[in-house]
Amino acid sequence: MTDIAQSDADAITLGNLATVEFDLDLPSTGRHGSRIAWQSSDDRWLDSSGRVHRPVFGRGDRKVTLTATVTNGGDTVTRDFAVTVVQQPYTASIRSVPPVTRRCIIAADRVEPVHVRLPSWGAAITDIGAIAVPLTWPDAEAVVRPAPGRTIVTGHTGTEPPFPVTAVIDVEPEHSGSAEGPVNDAMGDNDNDNDDFPAVKPTLRNIPLAAIRFDSHSTIGRNQLLRLEYLRSVDDDRLLYAFRQAAGLDTRGARPMTGWDSPDCLLRGHTTGHVLSAYALCVQATGDDKIRRKLDYLVDALAEVQRAFARRPGCRPGFLSAYDERQFDDLERLVPYPDVWAPYYTLHKLLAGLIDAHEAGAARALPVAKGIGRWVADRLERLTPEHRQRMWGTYIAGEFGGMNEALARLATIVGERGGSGDNDDGNRHDGHYGAKRFLTAARYFDNDRLLEPLRQRVDALDGMHANQHIPQVIGHLALADAAADRQTAAIYLQAAQRFWHEVVSSHLYAVGGTGQGEMFRTPNVIAGLLADDTAETCATYNLLKLAAGLRRHGTTLSPEYGDYIELALCNHIAASIDRTAPNGGSTYFLPTRPAGRKSFDIDGNTCCHGTGLEVHFRAGDGAVLVDDRSDAVHIQLLESMNVDSPDDGIAMRIDAPDETPNVIHIHIDRLAAATLRVRVPWWALGRAFPDFDGHDDNGRLPTDTIVTVNGRQSDDVDYDASTHELVFPMKRPDGASITDIDIRFPIGLRLVRTPDDADMASIMWGPYVLAEHGDSPRLEPISRIPADTPYRLYFRIDDAE
Ligand SMILES: [Zn+2]
């Protein structure tokens with residue numbers, strides 16, 4: 001009988017308990033009939049019936065333990081659930097609301113009026129900072145005369161009390177020559193290229209992931225091998241269990257998944273998408289044959305599930321999930337969490353996984369992905385823009401991951417395939433028509449709450465969920481890549497750049513993570529947030545993707561992205577993997593308080609577990625880039641690796657041992673480009689990170705940088721201060737080629753201060769944030785350390801003192 005009580009206790013699933021806002025539905029009977037009684041550790045925030053009483057804003061989130069007592073036939077077992085009750089939203093008073101600005105470029109002979117959609121959210125400046133607030137206008141769109149001039153529309157905030165807000169709409173003739181605010185906001189008028197707008201397409205391209213092999217003894221290489229071993233052991237039929245069951249197919253004796261993927265959890269299926277991506281990235285990063293076969297098996301099985309769904313009555317073709325369409329219907333009726341849990345978030349994992357599989361060479365993945373894309377487009381085009389905004393603004397239920405990114409990538413892929421693609425639907429969805437349709441569907445996921453404050457250039461991230469929004473910004477970047485016209489591309493690219501700037505300059509811990517309790521908090525508060533629930537790991541995974549994407553845009557390569565990627569890979573990501581066994585384990589939060597302890601999610605199947613399966617195989621993303629315009633190759637990641645890309649004319653080896661990250665050797669077997677450029681890390685320049693204030697180094701490297709070319713010390717090595725790169729023309733003045741480059745950067749200990757507490761800093765050595773190994777919760781304030789007195793630190797790297 002104890003077994004039954006235990007099994008009923010194990011089967012209780014309450015959903016995401018890390019950010020609870022709404023009452024919980026606590027079951028009173030178990031699956032096999034056990035009685036379940038509930039007890040809360042703190043009735044003030046969450047009582048034993050599941051009712052939630054949120055703390056007022058400013059008092060912080062509260063942790064409560066819910067204990068389930070499960071009784072069956074005289075046997076009793078208990079199970080604890082850790083719950084975080086989220087504080088109430090901000091109720092500070094508004095001081096001002098920045099205007100909403102829109103710029104419409106029209107043809108000189110236009111006669112029909114210009115339609116401009118007004119945003120349903122915007123930034124407000126309050127007495128304690130800025131936040132995003134709902135906006136209300138006389139009409140959802142402004143209709144403006146088609147003549148040059150300015151129109152002002154007045155609305156108000158949806159706060160209590162309301163505050164007035166204005167929309168300033170400027171209509172300008174084409175080729176007016178004005179360069180400010182390169183945006184065209186006239187609805188449906190964005191099909192023409194316009195010389196008023198800068199080209200925003202990527203200027204750099206990554207060499208393929210498959211061209212890079214990290215050394216097996218390096219931290220990245222070891223972590224890849226550990227993950228590879230785990231992925232080889234994954235039971236694919238188990239990943240397919242809920243899909244096959246929902247589509248009425250045989251589950252082939254597989255066991256159901258656990259945690260967020262368990263059969264009664266509304267997020268089930270998301271890990272299957274992450275594993276698709278992990279397999280696809282792993283195939284490229286390691287070339288492993290077994291993983292390639294597993295990838296094909298998973299793709300084929302999901303295609304079969306998609307076909308089975310299409311045969312079911314009432315199911316629209318293309319649908320694919322580990323449940324039926326009801327969660328999507330409920331979301332459209334604005335049913336809140338916990339009755340709806342982010343169905344588009346889960347669908348995004350599947351769609352992204354299928355696109356990753358396609359890019360890794362899985363031939364049958366693209367038709368399945370296109371089916372999902374068509375299903376989404378069909379579904380969302382029936383809704384008004386205002387209704388979609390309400391859906392995406394519904395916390396947790398409306399979270400959609402990076403649906404905009406996946407659909408924009410799909411648009412790019414089918415657009416490139418022209419009319420000669422696979423013939424699964426008579427080519428209706430290949431070429432220009434298909435690309436346009438998927439791009440339109442991607443833009444259905446525009447989210448005013450995120451996008452408008454970015455366009456107003458106000459940091460209103462406080463209180464917004466970090467990892468809900470970072471993937472949407474990666475989507476802005478994909479939209480900038482896929483957009484057919486410069487105007488649209490510029491809106492999205494500038495929003496993505498603005499977001500990056502806000503997060504990295506004001507919301508970043510020393511290890512490269514962001515957020516506390518999953519949320520962005522007040523800008524420039526870091527020391528005040530140090531706790532156990534900081535730096536959610538999936539948020540850093542997505543910041544890495546965003547940095548790699550942004551790096552490829554812009555007229556010159558900006559050094560901040562390579563600096564961030566090194567920081568996050570060497571610190572947060574390297575610390576996030578459970579190294580004790582090939583168990584797939586990743587951290588959820590990374591504790592930043594003194595004496596904090598890491599824990600790893602092994603079978604909870606959380607968001608961070610899913611991204612943790614992928615992230616190590618992405619490490620080579622943009623490690624080496626090619627600039628075709630200037631015929632240059634950029635080495636951006638200084639790690640020990642072989643680089644072999646025959647199509648790019650590159651064969652070389654880089655040695656940069658983890659223990660001596662400042663000592664780099666590059667051996668070149670082949671480099672077809674005219675110039676090799678090597679990143680100089682921020683710590684070698686003695687700069688602060690992040691550093692946005694110009695990249696003016698007076699063109700000089702630190703004098704103790706030593707560069708040797710083909711065994712001869714070079715005294716006048718070329719350094720590009722705008723990109724932080726050493727520049728090597730491949731042909732030497734004597735006509736010989738470069739075969740070997742040795743670089744030794746200066747390295748030392750340095751303090752990285754927090755913006756909000758002069759006494760709190762991290763200690764770094766080169767790229768590494770040092771951690772004290774101990775249980776003391778006490779920190780030594782910097783100001784108590786006597787000035788000009790050497791302060792002795794002992795530290796150990798891999799047992800070397
Ligand atoms: Zn996460």
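Modeller: Helices (H or I, at least four residues) and strands (E, at least two) are DSSP runs, numbered from the N terminus. On that basis the protein chain has 17 helices and 29 strands. This is a predicted model, in which local features need pLDDT of at least 70 and side-chain atom pairs count only at pLDDT 80 or more, while totals for chains, interfaces and linings use all residues. Residues are numbered from 1 along each chain as its sequence is written, and side-chain values use heavy atoms, without hydrogens or water.

Colleague: Why does D631 count as partly exposed?

Modeller: Buried means under 20% relative accessible area, exposed over 50%, and partly exposed in between (1.4 Å probe, protein chains only). D631 has 38% relative accessibility, so it counts as partly exposed. D631 lies in the loop between β16 (624-627) and β17 (632-635).

Colleague: What does D631 touch, not counting residues up to four places away in sequence?

Modeller: A673, A674 and T675, where contact means heavy atoms within 4.5 Å. The C-alpha atoms of D631 and A673 are 5.3 Å apart, although 42 residues separate them along the chain.

Colleague: What makes β2 and β3 a pair?

Modeller: Two strands pair if DSSP finds at least two bridges between them. β2 and β3 (residues 75-85) run antiparallel and are joined by 11 bridges, so they meet that rule. V70 has V77 in β3 as its bridge partner. β2 and β3 form a hairpin with 2 residues between them, and G73 in the turn has a positive phi of about 55°.
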